[in-house]
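Please read it alongside the sequence and the coordinates.

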Amino acid sequence: MKNKPIYVEIPIQATIDEVWCMTQKPKLHEQWDLRFSSITYLPKKSEDDPQSFLYETKLGCCVKVAGWGKSIGTHNKKDGSKTSSLHFGTDQKISPICEGKGYWQYIPTDNGTTFLTQYDYDVRYGLFGRLLDLFFRPIMGWGNSSKL
């Protein structure tokens, strides 16, 4: 049995450009997304290449999870909305997450921006990992939008 993807939708009283900046610039992203303690962009060989990055999440007691990610596409629509997709994962066995994909969407509204995200990931540890994910997955959704 596979769990449902994580879906978060929140209205934000800010322009799309402001929300885009808060989500796409690592130092600003770290300030609101509780899932990450640090995000570091890696150099690109050309401007057209996907943006690769490394991330860390401090869990306390000198324990941290480090992983990788790649912004694999951006789409700007004529109506002003934007979409950014990504691929992410970690090889660290301490993380229940193995690898995943998702997107962020930014939709203009009269009062600002509707920010929504949907993503899913594969878990480690078979049945035990899937059971653990029943508790872990809601925390991931909450951490994605708790301070934005």
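The points below go from the sheet as a whole to single residues and then to the pocket.

This is a predicted model, in which local features need pLDDT of at least 70, side-chain atom pairs count only at pLDDT 80 or more, and totals for chains, interfaces and linings use all residues. Residues are numbered from 1 along each chain as its sequence is written, and side-chain values use heavy atoms, with hydrogens and water left out. The model has an open sheet of seven antiparallel strands, a helix, α1, packed on that sheet, and a largest pocket of about 660 Å³.

- Helices (H or I, at least four residues) and strands (E, at least two) are DSSP runs, numbered from the N terminus; two strands pair if DSSP finds at least two bridges between them.
- β1 (6-12) and β2 (38-41) are the edge strands, each pairing on one side only.
- On average, neighbouring strands of the sheet are turned by 20° against each other, direction ignored.
- Helix α1 (residues 16-24) packs on the sheet and touches β1, β2, β4 (63-76), β5 (82-89), β6 (97-109) and β7 (112-123); contact means heavy atoms within 4.5 Å.
- The direction of α1 makes about 165° with that of β6; axes are lines fitted to C-alpha atoms, for helices over the stretch in contact, and angles run from 0 to 180 degrees between N-to-C directions.

**From β2 to β4**

- Four bridges link β2 and β3 (residues 51-60) in the antiparallel sense, and T40 has L54 in β3 as its bridge partner.
- β3 and β4 run antiparallel and are joined by nine bridges; G67 in β4 is the bridge partner of Y55.
- These two strands, β3 and β4, form a hairpin with two residues between them, and C61 in the turn has a positive phi of about 50°.
- C62, in the loop between β3 and β4, also has a positive phi, near 60°, in a residue other than glycine.
- C62 is exposed, with a relative accessible area of 86%; buried means under 20% relative accessible area, exposed over 50%, and partly exposed in between (1.4 Å probe, protein chains only).

**Strand β5 and its neighbours**

- Seven of the eight residues of β5 are buried, so this strand is largely enclosed by the rest of the structure.
- β5 pairs with β4 in the antiparallel sense over eight bridges; in β5, L86 is the partner of S71 and T83 stands opposite H75.
- The hairpin of β4 and β5 has five residues between the strands, and G80 there takes a positive phi near 95°.
- β5 and β6 also run antiparallel, joined by eight bridges, and F88 stands opposite G100 in β6.
- S84 of β5 is buried, with a relative accessible area of 4%.
- Not counting residues up to four places away in sequence, S84 touches W20, Q24, G73, T74, G102, Y103, W104 and Y106.

- D91 sits in the loop between β5 and β6 and counts as exposed, at 65% relative accessibility.
- D91 and W68 are 23 residues apart along the chain, and their C-alpha atoms are separated by 8.9 Å.
- Y125, in the loop between β7 and α3, has a positive phi near 75° in a residue other than glycine.
- Y125 is partly exposed, with a relative accessible area of 42%.

**The largest pocket**

- A pocket is an open set of points on a 1 Å grid over the protein atoms alone, where a 1.4 Å probe fits, with protein on both sides within 12 Å along at least five of seven lines; lining residues have an atom within 4 Å of a point.
- The volume of about 660 Å³ is the space filled by probe spheres set on the points, and grid points are joined across faces, edges and corners.
- Of the 36 lining residues, R35, F36, Y55, T57 and M140 lie nearest the centre of the largest pocket.
- Helix α3 (residues 126-145) supplies the largest share of this lining, five residues.
- By class, the lining has 21 nonpolar, 13 polar and two charged residues; Ala, Val, Leu, Ile, Met, Phe, Trp, Tyr, Cys and Pro count as nonpolar, Asp, Glu, Lys and Arg as charged, and the others, Gly among them, as polar.
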